[in-house]
Amino acid sequence: MKPTSIPFRLGIIGGVAGGRLRRRPYSQYPTTLNSKSPRLFLVLLVVGMRLWAEPPAAPALTWHAPSDPAVAPAVAQAKVTIAALVGTLLPAVNAAVEVGGPPQGVILCHGQAEPLTQQTRQQAGPSVTGLKRTSLRVRNPANAPDRAEQAALDRVAALLAAGKEPPPLLVQYLAETPDHPAELRVYRSMTVAANCLACHGDPASFTPQLRDSLRTHYPQDTATGYAEGDWRGLIRVSLQP
Ligand code: HEC
C-alpha cells in the first residue's frame, strides 16, 4: 500500500460523509433553535464548548538534579525556608498536644497550619513565592497536589515502588505560561516520625474524642494508617528562577 493511500481513502470517506450531510435538507437537522443557519450554530456551539472545556495551558515541566550548580542558590534558600516551616509548625503542634492531647493538636493544625505556613513564606522574602505541604493521602483537601506536585509525588512513589529510598530533595522547573510566570520548585520529602502517629497512625489507636474531632474537621481525611518511617509527602517551596 502506498503511503498516500490512507489519507486518500480518508478523503473519500470524508467526501462521502460530507456529501451525505450536504444532501440532507437543513429543516431535518435536529436543532431546537429556529435558526436559518444551523451549521453556523453547530460550529459556534462546538467552538464555545471547546473554549469552555479547555484547561489553562499546563506549564512544561523539567527536572534538575538538586546538586546542579544552576539551582544551588534556590536549593539553599528552600532549605532555610523548610527548616523555618518545620521549626514553626512542629513546636506549635507539640505544645498544643502537651496541653490538651491530640484533639487539641488537631484544633491547632486546623486553625493554624495554613496561616503559619503563609507567615513563614512571607518571612522568607520575595524570592519565595509559594510554600505548601502536600501528599498522595491528604487530610485537608486544600493540601491536595496540583499537577506539578502530583508529578513530584508520583516520582517519589515510583522510586519507593522500586524499593528505593525517597529522595531528600526534588527540583522542578515550570516554564512560563500565559497565566503563570516561570517557577522553580524545590520539594523535600517528609517521613513519619513516632510523634506523628498520634494523629496519622492507626485510627483504632485514637481516642473517640480524637476520632470525632478528625471526623468533624476533616470528613474527607485520608491521612491515617501510617507507620513510623513511612514516606508522608512533600514540602514544596516555589521560587523565582
Ligand atoms: C496533633 C495531631 C497531629 C500531629 C501530631 C501531626 N499532624 Fe499532620 N496534620 C494534622 C492535621 C489536623 C492536619 C491538617 C492541617 C490542615 O488543615 O491543613 C495535618 C496535615 C498534615 C500534612 C499536610 C497534608 C494533609 O494531609 O493535609 C502533612 C504533610 C502532615 N500533616 C505531616 C505530619 C507529620 C510528618 C507529622 C509528624 C512530624 C504530623 N503531621 C503530626 C494533625 C497532626
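Two strands pair if DSSP finds at least two bridges between them. I start from that rule, and I note that the model is predicted.

**Entry 1. Strand β2.** I looked up the partner of β2 and found β5, joined to β2 by six bridges and running antiparallel to it. Within this pairing Val-128 stands opposite Leu-239 of β5. I then checked burial along β2. Five of its seven residues are buried, so the strand is largely enclosed by the rest of the structure.

**Entry 2. The other strand pairings.** I followed β3 next. Strand β1 (residues 61-64) is antiparallel to β3, with four bridges between them. His-64 has Val-171 in β3 as its bridge partner. β3 also pairs with β4, again in the antiparallel sense, over six bridges. There I found Leu-169 opposite Arg-188 of β4.

**Entry 3. The whole protein.** I listed the elements and got six helices and five strands. Read from the N terminus, their order is α-α-β-α-β-α-β-β-α-α-β. I also looked up burial for the 241 residues, and 21% of them count as buried. For contacts between residues at least 6 apart in sequence, I found that 68% join residues at least 24 apart.

**Entry 4. Helix α4.** Helix α4 covers residues 147-161, which is 15 residues. I took its reach from first C-alpha to last as 21 Å, close to the 21 Å expected at 1.5 Å a residue. Which residues of α4 are buried? I found Glu-149, Ala-152, Leu-153 and Val-156. Seen down the axis of α4, the buried residues fall within an arc of 95°, so they line one face of the helix. I asked what they pack against, and the list is β2 (128-134), β3 (169-174), β4 (183-191) and β5 (231-239). On the other side of α4 I noted Arg-147, Asp-154, Ala-158 and Ala-161 as exposed. Just after the helix, Gly-163 has a positive phi of about 80°.

**Entry 5. Pro-166.** I placed Pro-166 in the loop between α4 and β3. Is Pro-166 exposed, partly exposed or buried? Pro-166 has 19 inside 10 Å, so it counts as partly exposed. Leaving aside neighbours within four places in sequence, I found Pro-166 in contact with Val-156, Leu-159, Leu-160, Ser-189 and Trp-231. One of these, Val-156, is among the buried residues of α4. I also looked up the separation from Asp-230, which is 64 residues away along the chain. The C-alpha atoms of Pro-166 and Asp-230 are 9.7 Å apart.

**Entry 6. The ligand shell.** I turned to the 26 residues around the ligand and asked which come nearest. They are Gly-105, Cys-109, Asn-140, Cys-196 and Cys-199. The elements that give two or more residues to this shell are α3 (72-123), α5 (197-200) and β5. I noted that α3 supplies the largest share, nine residues. By residue class the shell divides into 14 nonpolar, eight polar and four charged.

Note on methods
Residues are numbered from 1 along each chain as its sequence is written. This is a predicted model: local features need pLDDT of at least 70, side-chain atom pairs count only at pLDDT 80 or more; totals for chains, interfaces and linings use all residues. The expected span of a helix is 1.5 Å times one less than its number of residues. A residue is buried if 20 or more other C-beta atoms lie within 10 Å of its own, exposed if 12 or fewer, and partly exposed in between; C-beta atoms are placed from the backbone. The arc is that of the directions from the helix axis to the C-beta atoms. Two residues are in contact if their C-beta atoms, placed from the backbone, lie within 7 Å. A residue is near a molecule or strand if its C-beta atom, placed from the backbone, lies within 6 Å of it. Ala, Val, Leu, Ile, Met, Phe, Trp, Tyr, Cys and Pro count as nonpolar, Asp, Glu, Lys and Arg as charged, and the others, Gly among them, as polar.
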